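Welcome! Here is a friendly first tour of a protein structure, arranged so that you can follow along with the model beside you.

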Amino acid sequence: EDAYEIVPYVMIGGYRFAVEGYNESADTIALVTNNPFVQEKINVRPYGKHAYIIEVSYKDTPIMEDRIPILGFENSYS
(Lines give C-alpha, C1' and ligand atoms only; values in the text may rest on other atoms or scores of the structure.)
Protein backbone atom coordinates (compact mmCIF):
# COMPACT_ATOMS: atom_id res chain seq x y z
CA GLU A 1 0.00 0.00 0.00
CA ASP A 2 0.94 3.60 -0.42
CA ALA A 3 1.39 5.98 2.51
CA TYR A 4 0.05 9.50 2.48
CA GLU A 5 0.28 12.66 4.50
CA ILE A 6 -3.28 13.90 5.04
CA VAL A 7 -3.65 17.69 5.07
CA PRO A 8 -7.15 18.84 6.12
CA TYR A 9 -8.47 22.18 4.91
CA VAL A 10 -11.68 24.19 4.60
CA MET A 11 -12.81 26.57 1.86
CA ILE A 12 -14.70 29.67 3.06
CA GLY A 13 -15.67 32.44 0.65
CA GLY A 14 -13.25 31.10 -1.93
CA TYR A 15 -10.31 31.19 0.51
CA ARG A 16 -8.43 28.14 1.71
CA PHE A 17 -7.94 27.72 5.47
CA ALA A 18 -5.78 25.14 7.22
CA VAL A 19 -7.40 23.30 10.13
CA GLU A 20 -5.51 24.44 13.23
CA GLY A 21 -7.46 22.73 15.97
CA TYR A 22 -10.73 21.44 17.39
CA ASN A 23 -12.49 22.73 20.51
CA GLU A 24 -14.53 19.76 21.69
CA SER A 25 -16.46 21.64 24.39
CA ALA A 26 -17.63 24.32 21.95
CA ASP A 27 -17.79 21.96 18.93
CA THR A 28 -15.82 24.45 16.82
CA ILE A 29 -12.74 24.22 14.65
CA ALA A 30 -10.05 26.87 14.39
CA LEU A 31 -9.03 27.71 10.84
CA VAL A 32 -5.90 29.63 9.83
CA THR A 33 -4.74 31.33 6.63
CA ASN A 34 -1.85 33.58 5.68
CA ASN A 35 -3.76 35.23 2.83
CA PRO A 36 -3.96 38.97 3.67
CA PHE A 37 -6.94 39.54 1.34
CA VAL A 38 -9.22 37.33 3.46
CA GLN A 39 -9.61 40.06 6.09
CA GLU A 40 -11.45 42.23 3.55
CA LYS A 41 -14.21 39.63 3.04
CA ILE A 42 -14.37 37.45 6.17
CA ASN A 43 -14.44 38.37 9.85
CA VAL A 44 -11.05 36.96 10.90
CA ARG A 45 -8.71 37.88 13.75
CA PRO A 46 -4.94 38.38 13.53
CA TYR A 47 -3.00 35.25 14.44
CA GLY A 48 0.72 35.66 14.80
CA LYS A 49 2.62 38.05 12.58
CA HIS A 50 1.23 37.27 9.11
CA ALA A 51 -1.74 34.97 9.66
CA TYR A 52 -5.46 35.15 10.39
CA ILE A 53 -7.72 32.85 12.39
CA ILE A 54 -11.44 32.18 12.56
CA GLU A 55 -13.49 29.69 14.59
CA VAL A 56 -16.49 28.04 12.95
CA SER A 57 -18.99 25.31 13.82
CA TYR A 58 -17.57 21.85 13.25
CA LYS A 59 -20.96 20.39 12.26
CA ASP A 60 -21.67 23.03 9.60
CA THR A 61 -18.23 23.01 7.97
CA PRO A 62 -17.23 20.48 5.32
CA ILE A 63 -13.60 19.49 5.81
CA MET A 64 -11.68 18.44 2.72
CA GLU A 65 -8.25 16.89 2.52
CA ASP A 66 -5.19 16.73 0.33
CA ARG A 67 -3.53 13.32 0.17
CA ILE A 68 0.18 13.81 -0.48
CA PRO A 69 2.17 10.63 -1.20
CA ILE A 70 5.09 10.04 1.14
CA LEU A 71 8.24 9.32 -0.82
CA GLY A 72 9.60 5.83 -0.42
CA PHE A 73 6.22 4.15 0.13
CA GLU A 74 5.00 4.09 -3.47
CA ASN A 75 4.28 0.49 -4.46
CA SER A 76 6.59 -0.80 -1.72
CA TYR A 77 4.56 -4.00 -1.38
CA SER A 78 4.42 -4.84 -5.10
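This is a predicted model: local features need pLDDT of at least 70, side-chain atom pairs count only at pLDDT 80 or more; totals for chains, interfaces and linings use all residues.

Residues are numbered from 1 along each chain as its sequence is written, and side-chain values use heavy atoms, with hydrogens and water left out.

- Strands (E, at least two residues) are DSSP runs numbered from the N terminus, as are helices (H or I, at least four), and two strands pair if DSSP finds at least two bridges between them.
- As background, strands of a sheet pair through backbone hydrogen bonds, either parallel or antiparallel.
- E2 and E3 pair in the antiparallel sense over five bridges. Across this pairing, Ala18 stands opposite Val32 in E3, and Gly21 stands opposite Ala30 in E3.
- E3 also runs antiparallel to E5, joined by six bridges. Here Ile29 stands opposite Val56 in E5.

**Strand E3, inside the structure**

- Is E3 enclosed or open? Six of its six residues are buried, so E3 is largely enclosed by the rest of the structure. Buried means under 20% relative accessible area, exposed means over 50%, and partly exposed lies in between (1.4 Å probe, protein chains only).
- Thr28, Ala30 and Val32 point one way from E3, whereas Ile29, Leu31 and Thr33 point the other way.
- Thr28, in strand E3, counts as buried because its relative accessibility is 16%. Leaving out residues up to four places away in sequence, Thr28 touches Gly21, Tyr22, Asn23, Glu55, Val56, Ser57 and Tyr58; contact means heavy atoms within 4.5 Å.

- The hairpin of E2 and E3 has four residues between the strands. Asp27 lies in this loop between E2 and E3.
- Asp27 has a phi near 55°, a positive value in a residue other than glycine. In general, most residues other than glycine have a negative phi.
- Asp27 counts as partly exposed because its relative accessibility is 22%.

**The nonpolar core**

- Which residues make up the largest nonpolar core? The eleven are Val10, Tyr15, Phe17, Ile29, Leu31, Val38, Ile42, Val44, Tyr52, Ile54 and Val56. A nonpolar core is a set of buried Ala, Val, Leu, Ile, Met, Phe, Trp, Tyr and Cys residues joined through side-chain atoms within 4.5 Å.
- E2, strand E3 (28-33) and E5 are the elements that give two or more residues to this core. E5 gives the most, with three residues.
- In soluble globular proteins, nonpolar side chains tend to be buried together.
- Phe37 sits in the loop between E3 and E4 and counts as exposed because its relative accessibility is 51%. The C-alpha atoms of Phe37 and Tyr15 are separated by 9.0 Å, although the two are 22 residues apart along the chain.

**The salt bridge**

- The structure holds one salt bridge, where the side chains of Asp66 and Arg16 meet (2.5 Å, N to O). The pair links distant parts of the chain, with Asp66 in strand E6 and Arg16 in strand E2 (residues 15-23), 50 residues apart.
- A salt bridge is a side-chain nitrogen of Lys or Arg within 4 Å of a carboxyl oxygen of Asp or Glu.
- Asp66 counts as partly exposed because its relative accessibility is 26%, and Arg16 counts as partly exposed at 39%.

**A nonpolar surface patch**

- Tyr22, Tyr58 and Ile63 form a nonpolar patch on the surface, with about 290 Å² of accessible area together.
- Patches are made of residues with over 30% relative accessible area and no salt bridge, where like charges are joined within 9 Å and nonpolar side chains (Val, Leu, Ile, Met, Phe, Trp, Tyr) within 5 Å. Accessible areas come from the Shrake-Rupley method with a 1.4 Å probe, and for residues only the protein chains shown count as cover.
- Ile63 is in the loop between strand E5 (52-57) and strand E6 (64-69), and is partly exposed, with a relative accessible area of 39%.
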